Every structure is written in structure tokens, then in C-alpha cells.
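Subject: Structure for you to look over

Hello,

Here is the structure I promised to pass on. Please open it alongside this message, and my notes follow below.

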Amino acid sequence: MIHDTADSTTDIDELLRAGIEAAEFGDHERARDLLARVVAKDRRNVAAWLWLSEVVEVPDGKIHCLDRILVVDPGNEEASKRLARLRE
């Protein structure tokens, strides 16, 4: 089966947008589901990991998300700051 990269990117973009919207409206359960689907399809999606870190409930989950960002983007200041606060 041949996968259309454009369709895949569109799906990811739509899931990300819906996940962010759910997070902003306080629907953390839906946001977690949508954002988890994004990172399952694109492990390097920094925006999805950052938003996911906001809606996961347990500190270890937040740390995992922020660590993933720093694997992809070691210089990400926002992830570094949030991670430092969590580890205090």
C-alpha cells in the first residue's frame, strides 16, 4: 500500500488543531486522545508533545513529553524551563 504524504500531513495537522482546541476548552481527555494520535504518527512533532505535556495528569507523563521534545529539539527553551520546574 502506498501512503500519500500530503494526506498524512493533513491528517496530522487536523488532529493537532483539534487537540489544541480541546485543550484550550478544557477537554483534557479528548485533547490527550487527539494529541497522542499525533505523536503516534509523528514522533518528532514538538507542538503536539508540548500541548500533550499540558493535558497529561501525572508528573511523570509531563516529564516524558518534555523529554521527547528535547530529544527532537535539544535547544527548546520552553521545554527546558517546564522540565526544570517539574523537577524542582
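In which helix is Ile12 found? Ile12 sits in helix H1. Keep in mind that this is a predicted model.

Is Ile12 buried or exposed? Ile12 counts as buried, because its relative accessibility is 9%, under the 20% cut-off. Leaving aside neighbours within four places in sequence, Ile12 is in contact with Val38, Lys41, Asp42 and Asn45. Leu35 is 23 residues from Ile12 along the chain. The C-alpha atoms of that pair are separated by 9.3 Å.

Now the overall fold. The protein has 5 helices and 0 strands. From the N terminus, the order is α-α-α-α-α. The radius of gyration is 13 Å, close to the 12 Å that the globule rule gives for 88 residues, so the protein is as compact as a globular protein of that length. Along the principal axes, the C-alpha atoms fill a box of roughly 45 × 30 × 20 Å. Take contacts between residues at least 6 apart in sequence: 34% of them join residues at least 24 apart.

Next, the core. In soluble globular proteins, nonpolar side chains tend to be buried together. Here the largest nonpolar core has 23 residues. Leu35 and Leu52 have the most contacts inside it. Which elements give two or more residues to this core? They are helix H1 (5-24), helix H2 (28-41), helix H3 (46-55), helix H4 (59-72) and helix H5 (77-87). H1 gives the most, with 6 residues. As for Leu52, it touches Arg32, Leu35, Ala36, Val39 and Cys65, not counting residues up to four places away in sequence.

Then the surface. Of the 88 residues, 35% count as buried. The protein exposes about 5800 Å². Carbon and sulfur atoms supply 49% of that area. There are 13 positive and 19 negative charges, and their mean positions are 4 Å apart.

Arg85 lies in helix H5. How far apart are the C-alpha atoms of Arg85 and Asp60, and what is their spacing along the chain? The atoms are separated by 13 Å, and the residues are 25 apart along the chain.

Best wishes

Definitions and conventions. Residues numbered from 1 in each chain as written. Predicted model: local features only at pLDDT ≥ 70, side-chain atom pairs only at ≥ 80, totals over all residues. Heavy atoms only, no water. Core = buried A, V, L, I, M, F, W, Y, C linked by side-chain atoms within 4.5 Å. Buried < 20%, exposed > 50% of the residue type's maximum accessible area, 1.4 Å probe, protein only. Helix = DSSP H or I, 4+ residues; strand = E, 2+ residues; numbered from the N terminus. Contact = heavy atoms within 4.5 Å. Rg over C-alpha atoms; globule rule 2.2 N^0.38 Å. Areas by Shrake-Rupley, 256 points an atom, 1.4 Å probe, with all protein chains shown as cover. Lys, Arg positive; Asp, Glu negative; His and termini not counted. Charge placed at Lys NZ, Arg CZ, Asp CG, Glu CD.
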